[in-house]
Amino acid sequence: MATGADQAVGMGLVGFSILLFTYYTIWVIILPFVDSDHVAHQYFLQREYSVILPGIAALILLLSVGTFIGVVTWKNRKPKKVD
């Protein structure tokens, strides 16, 4: 059973994910249809970052997974027996 701290961290991650999804959805899908001089544009980054930031996040994720697999593989290798 999960402890109170586990539940709090889990709810925090869910809340952060919902916030991030909402921000990105408004930024990429809704904002292009709003006039460029509208006050809402000051709360969002430039549109170029809508492609750059997920690309960087994907690269970091792939590097992390690759590093993890490499470390686990390296630690679990068996030394060759010399006859």
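This is a predicted model: local features need pLDDT of at least 70, side-chain atom pairs count only at pLDDT 80 or more; totals for chains, interfaces and linings use all residues.

Colleague: Where does S50 lie?

Modeller: S50 lies in helix α2, which covers residues 49-76. Helices are DSSP runs of H or I with at least four residues, strands are runs of E with at least two, and both are numbered from the N terminus.

Colleague: Is S50 buried or exposed?

Modeller: S50 counts as buried because its relative accessibility is 10%. Buried means under 20% relative accessible area, exposed means over 50%, and partly exposed is in between, with a 1.4 Å probe and protein chains only.

Colleague: Which backbone oxygen does the side chain of S50 reach?

Modeller: That of R47, at 2.6 Å.

Colleague: And which residues is S50 in contact with, leaving aside neighbours within four places in sequence?

Modeller: They are Y24, W27 and V28. Contact means heavy atoms within 4.5 Å.

Colleague: What about W27; is that residue buried or exposed?

Modeller: W27, found in helix α1, counts as buried because its relative accessibility is 3%. Beyond its neighbours within four places in sequence, W27 is in contact with P32, F44, L45, Q46, R47, Y49, S50 and L53. The C-alpha atoms of W27 and L63 are separated by 27 Å, and these residues are 36 residues apart along the chain.

Colleague: How does L20 compare with the cut-offs; what does L20 count as?

Modeller: L20 lies in helix α1, residues 4-30, and counts as partly exposed because its relative accessibility is 48%. Its C-alpha atom is separated by 25 Å from that of G66, 46 residues apart along the chain.

Colleague: Changing topic, which residues does UniProt list for "transmembrane region"?

Modeller: The unreviewed UniProt entry lists residues 12-31 and 51-74. UniProt positions are given in the numbering used here, feature names are shortened, and annotations may be inferred rather than shown by experiment.

Colleague: How much helix does the model have over residues 12-31?

Modeller: Residues 12-31 are 95% helix and 0% strand, with end C-alpha atoms 27 Å apart. Residues 51-74 are 100% helix and 0% strand, and their end C-alpha atoms are 34 Å apart.

Note on methods. Residues are numbered from 1 along each chain as its sequence is written. Side-chain values use heavy atoms; hydrogens and water are left out. A polar contact is a pair of N or O atoms within 3.5 Å; within protein, one must be able to donate a hydrogen and the other to accept it, and residues adjacent in sequence count only if both atoms are side-chain atoms.
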